[in-house]
There are 4 protein chains.
Amino acid sequence: MQDWHETQIRVRYAETDKMGIVHHSNYLIWFEIGRSEFCRARGFSYKEMEERDNALMVVAEAYCRYKSPSYYEDVLTLRTKIAEIRSRSIRFTYEIYRPADQTLLAEGETLHLVTDENKKVRTLPEIYKEKLLTEVTDANAFPENEAPH
Amino acid sequence: MQDWHETQIRVRYAETDKMGIVHHSNYLIWFEIGRSEFCRARGFSYKEMEERDNALMVVAEAYCRYKSPSYYEDVLTLRTKIAEIRSRSIRFTYEIYRPADQTLLAEGETLHLVTDENKKVRTLPEIYKEKLLTEVTDANAFPENEAPH
Amino acid sequence: MQDWHETQIRVRYAETDKMGIVHHSNYLIWFEIGRSEFCRARGFSYKEMEERDNALMVVAEAYCRYKSPSYYEDVLTLRTKIAEIRSRSIRFTYEIYRPADQTLLAEGETLHLVTDENKKVRTLPEIYKEKLLTEVTDANAFPENEAPH
Amino acid sequence: MQDWHETQIRVRYAETDKMGIVHHSNYLIWFEIGRSEFCRARGFSYKEMEERDNALMVVAEAYCRYKSPSYYEDVLTLRTKIAEIRSRSIRFTYEIYRPADQTLLAEGETLHLVTDENKKVRTLPEIYKEKLLTEVTDANAFPENEAPH
């Protein structure tokens, strides 16, 4: 089983709502950051996959279970891994964790279809399949891995 | 079984992303509009339920299945109904439909816990339970029912 | 001087922040809705201008003065008009007004450059210039004028 | 004259729109991140100022000039500084810069009124005034200064 890829974010003021907590729709945006950084840690950019190789990961399903709220200025750990990879689809799972009080805030899952730019389903290019399934070590980490979000 | 409550929205430019379609996180925001309008159609405002009666519907789970993309300027029908109502939780289901080409774009579900303003689980006030379960007719529709979103 | 074009919106829960009021960034999104509806009231769709006639109104400047906060569920009137139109640029002005208590909440302005899809500045097609400067009467209003946002 | 405070962000997929560039409303959200990090670099958290000391910086005006577009995955430098500080108001200025091609993408300004939680204008507590005007050196930087956003 693949290890979690971890990346950090800090909660933005604009992400909060009148309940004083982060609005639940932002968790889907954070999952997306998790995917971007997951790709980057495996040596490629999702932008290039999309723009150069015409392979888009269109969201077909999204699920999130909210266990505990998050707040403005919280530093959170996004954990991302692949649950399943098939020739034309990829399933990611996620955890949102707050290290300060060791609390798991949310768990989620997204299913993606691989399509071309006209939203027609296509096969995931083999090179990306290999990279996505790579275990990350210091040796193959992307230099810009440490860049902020 | 309860009928769908229907309300209309028009897709905003800001809701699109670089794929040229609506970003998937917006469907959760649309579901939320569906809930607001569902309450309004049953004669009460979710704002009052929250601010006057200290009963919040915190999102505990959210799920969306995306079947077909939506685009800038699309006029969409949000369909909302209650799937289950218990003393401390409510489950809503949703459909997003585009009348212009009779396409069902998405289906979803959210589970809510009823809490007080300190996010402590509490019992749904009986008055709201009754109103939520009311079948809407012309007679009991809220006057501002027709207001825009 | 052109009259204001008016359209209605209702404040969404997701538009609020932890101050309990609408987050200020949403006013720019509302101005954009105002522009869309302004175009629609003059018989064309900004989507077609962009996709069919390759004329984009890229935002070059945006300004907003916030006079009074808006709240979840408020019904607001967006007022939009053209302040200046030149061969390659358009300046819009806006007001956000709450009819319930007759309060002017915000005033703003945006400057747009007309570009092609590669973001190269171009001349505004004459047909759009004419339509944008048209005074709207019942006779030339777009049928879908009444559609929601 | 105060130096710019600099912080880094990476453009999110969800921040783009159908033009393929970042939607202009996000720049106001980035300015807000700039303010948060500006405070943090001066040894305090805006969250504490708001929640513990009942001093809110409500946005009264916002302006942005967009000079060049930004794209998904761009790493950007947010530059923030105080233009003017008075007893009941603060004016910040901003630059958004892309180091990869040394391009200044946007310049902006926001004016804030200091209020209490009921949005009543009040005096900025002296302790915050002092901290905001402090020049930052390695000695007084906040430990969490390096945390991500």
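Over how many bridges do strand β2 (residues 56-66) of chain C and strand β5 (residues 103-115) of chain C pair, and in which sense? The legends below take up this pairing and its surroundings in a predicted model.

**View 1. Pairing of β2 and β5 in chain C of the predicted model.** Strand β2 (residues 56-66) of chain C pairs with strand β5 (residues 103-115) of chain C in the antiparallel sense, and the pairing extends over 10 bridges. Within this pairing, A62(C) has T110(C) of β5(C) as its bridge partner. In a regular strand, the side chains alternate between the two faces of the sheet.

**View 2. The open sheet built from strands of chains C and D.** The sheet holds 10 strands with antiparallel pairing, and their order is β1(C)-β3(C)-β4(C)-β5(C)-β2(C)-β2(D)-β5(D)-β4(D)-β3(D)-β1(D). At the edges stand β1 (5-10) of chain C and β1 (5-10) of chain D, each of which has a single partner strand, so one side of each is left without a neighbour in the sheet. On average, and with direction ignored, neighbouring strands of this sheet are turned by 25° against each other.

**View 3. Strands β2, β4 and β5 of chain D.** Strands β2(D) and β5(D) run antiparallel and are joined by 10 bridges, with C64(D) standing opposite G108(D) of β5(D). Strands β4(D) and β5(D) also run antiparallel, and 10 bridges join them; here Y97(D) has L104(D) in β5(D) as its bridge partner. The strands β4(D) and β5(D) form a hairpin with 4 residues between them, and in the turn Q102(D) has a positive phi of about 50°.

**View 4. Helix α1 of chain D against the strands of chain D.** Helix α1 (residues 26-41) of chain D lies across β1, β2 (56-66), β3 (75-85), β4 (89-98) and β5 (103-115) of chain D.

**View 5. The contact between chain A and chain D.** Chain A contributes 18 residues to this contact, and chain D contributes 18 residues. On the side of chain A that touches chain D, the elements giving two or more residues are β1 (5-10) and α1 (26-41) of chain A. Helix α1(A) supplies the largest share of that side, namely 4 residues. By residue class, the side of chain A that touches chain D divides into 9 nonpolar, 4 polar and 5 charged residues.

**View 6. Chain A, its fold and the confidence of its prediction.** Chain A has 3 helices and 5 strands, and from the N terminus on its elements run β-α-α-β-β-β-β-α. The radius of gyration of chain A is 16 Å, close to the 15 Å that the globule rule gives for 149 residues, so chain A is as compact as a globular protein of that length. Taken along the principal axes, the C-alpha atoms of chain A fill a box of roughly 45 × 35 × 25 Å. Of the 149 residues in chain A, 42% are buried, and among contacts in this chain between residues at least 6 apart in sequence, 69% join residues at least 24 apart. The mean pLDDT of chain A is 92, with 91% of its residues reaching 70 or more. Over residues 139-147 of chain A, however, the pLDDT is below 50, and this stretch has 12 contacts in the model beyond near neighbours in sequence. The model as a whole scores ipTM 0.91 and pTM 0.93.

Notes: Residues numbered from 1 in each chain as written. Chains lettered and ligands numbered in written order. Predicted model: local features only at pLDDT ≥ 70, side-chain atom pairs only at ≥ 80, totals over all residues. Pairing = 2+ DSSP bridges. Axes fitted to C-alpha atoms, helices over the stretch in contact; angles between N-to-C directions. Contact = placed C-beta atoms within 7 Å. Rg over C-alpha atoms; globule rule 2.2 N^0.38 Å. Buried ≥ 20, exposed ≤ 12 C-beta atoms within 10 Å, placed from the backbone. pLDDT = per-residue confidence, 0-100. Nonpolar A, V, L, I, M, F, W, Y, C, P; charged D, E, K, R; others polar.
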